[in-house]
There are 2 protein chains.
Amino acid sequence: MRIGQLARSVGVNTQTIRFYEQQGLLPPPDRQENGYRAYTEKHSERLAFICRCRILDLSLAEIRELQRYQDDPHQPCAAVNTLLDDHISHVRSQITALQALEKQLVSLRAGCSDGREVEACGVLAGIGKGSAHKQ
Amino acid sequence: MRIGQLARSVGVNTQTIRFYEQQGLLPPPDRQENGYRAYTEKHSERLAFICRCRILDLSLAEIRELQRYQDDPHQPCAAVNTLLDDHISHVRSQITALQALEKQLVSLRAGCSDGREVEACGVLAGIGKGSAHKQ
DNA sequence: TTAAAACCATATAGTCACTATAAGGTCAAT
DNA sequence: ATTGACCTTATAGTGACTATATGGTTTTAA
């Protein structure tokens, strides 16, 4: 299978596949006589795994770690669970931060309705005062 | 005021201030005889405004836009409100996406408890199957 | 047969908002 | 005289790609 076919079948673009190879996430495939990359079903599965991890918003470093577990399957799986638990708390704290942000933005927005001049705009005035320091 | 004092007073680091200058967010200050940047109160206010916008997670491009409104205060402020409304919907869709992601991760995590070998791990198996395509 | 299109290759630069490093000049205090 | 804190510029690194440039190969159509 050439790179274009693999890309279409998994739904990524070809540069991304080369990028994953360069990053050590996808093993370098054999080459055809003309130098084209020749992929096998194994590559396709590995790439699909990477894509599903990315959908779960795992970083490439986390994916590399999961791959090390896959490649040595007789370890205890506690580390995998820990990785996922950490990722879940990461996602949760992102959600919390964004919800606080949303509240702030909505209250700022409530300070102005259209039809004024910028000079009298409650939104710009609202940003202009208040604390500039992060927590 | 020199760059270090400004940085301390607003709570950013000096490179960030130079970066904002280079990006056109902070006007280039006059220089002392030795070439050191000499900031005024205006700069301090402008920098504080930028910081508050960044806390609200506005992009540098959005901040540049807001500054254009500040610098020409006799326009209608509808554009400011629109910018903020767009930003609020952006934040909301981030929240929604992360909540869906959290659900997915939690259900994946439920598929395994510790004490197994990686080979039998429900988490890795769970990532290994399912769709790899983004919507 | 030839020419266009679709494909493949590598290398390099750009995105965003910084942060870090290198290499050096200036100033106050010891 | 030298240490340390400050300032300067320029350049590279972060993460996960995406885009561009330049050129070779293969397939398809006129």
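The reply below looks at helix α4, beginning with the copy in chain A.

Reply: This is a predicted model, in which local features need pLDDT of at least 70 and side-chain atom pairs count only at pLDDT 80 or more, while totals for chains, interfaces and linings use all residues. Residues are numbered from 1 along each chain as its sequence is written, and chains are lettered from A and ligands numbered from 1 in the order in which they are written.

In chain A, helix α4 covers residues 60–70 and helix α5 covers residues 78–109; helices here are DSSP runs of H or I with at least four residues, strands are runs of E with at least two, and both are numbered from the N terminus. The axes of these two helices come within 10 Å and cross at roughly 160°, where an axis is a line fitted to C-alpha atoms, for helices over the stretch in contact, and angles run from 0 to 180 degrees between N-to-C directions. α4(A) and α5(A) are therefore roughly antiparallel to each other, a label used for angles over 145 degrees, with under 35 counted as roughly parallel, 65 to 115 as roughly perpendicular and the rest as oblique. Their crossing is left-handed, that is, the near helix is turned anticlockwise from the far one by less than a right angle.

On the α4(A) side the contact is made by A:E62, A:E65, A:L66 and A:Y69, and on the α5(A) side by A:A79, A:V80, A:L83 and A:H87; two residues are in contact if their C-beta atoms, placed from the backbone, lie within 7 Å. By class, these residues divide into five nonpolar, one polar and two charged, with Ala, Val, Leu, Ile, Met, Phe, Trp, Tyr, Cys and Pro taken as nonpolar, Asp, Glu, Lys and Arg as charged, and the others, Gly among them, as polar.

In chain B, α4(B) and α5(B) pack at an angle of about 160°, with their axes 10 Å apart, and they are therefore roughly antiparallel. Here too the crossing is left-handed, and the contact joins B:E62, B:E65, B:L66 and B:Y69 of α4(B) to B:A79, B:V80, B:L83 and B:H87 of α5(B).

Helix α4 also takes part in the DNA surfaces. α4 of chain B is one of the helices that supply at least two residues of the surface near DNA strand C, and α4 of chain A is one of those that do so for DNA strand D; a residue is near a strand if its C-beta atom, placed from the backbone, lies within 6 Å of it. Of the 18 residues that surround DNA strand C, the closest include B:S59 and B:L60, whereas A:S59 is among the closest of the 18 around DNA strand D.

Finally, the two chains meet, with 54 residues of chain B in contact with 54 residues of chain A. On chain B, α4 is among the helices that each supply at least two residues of the side touching chain A, although the largest share, 20 residues, comes from α5(B).
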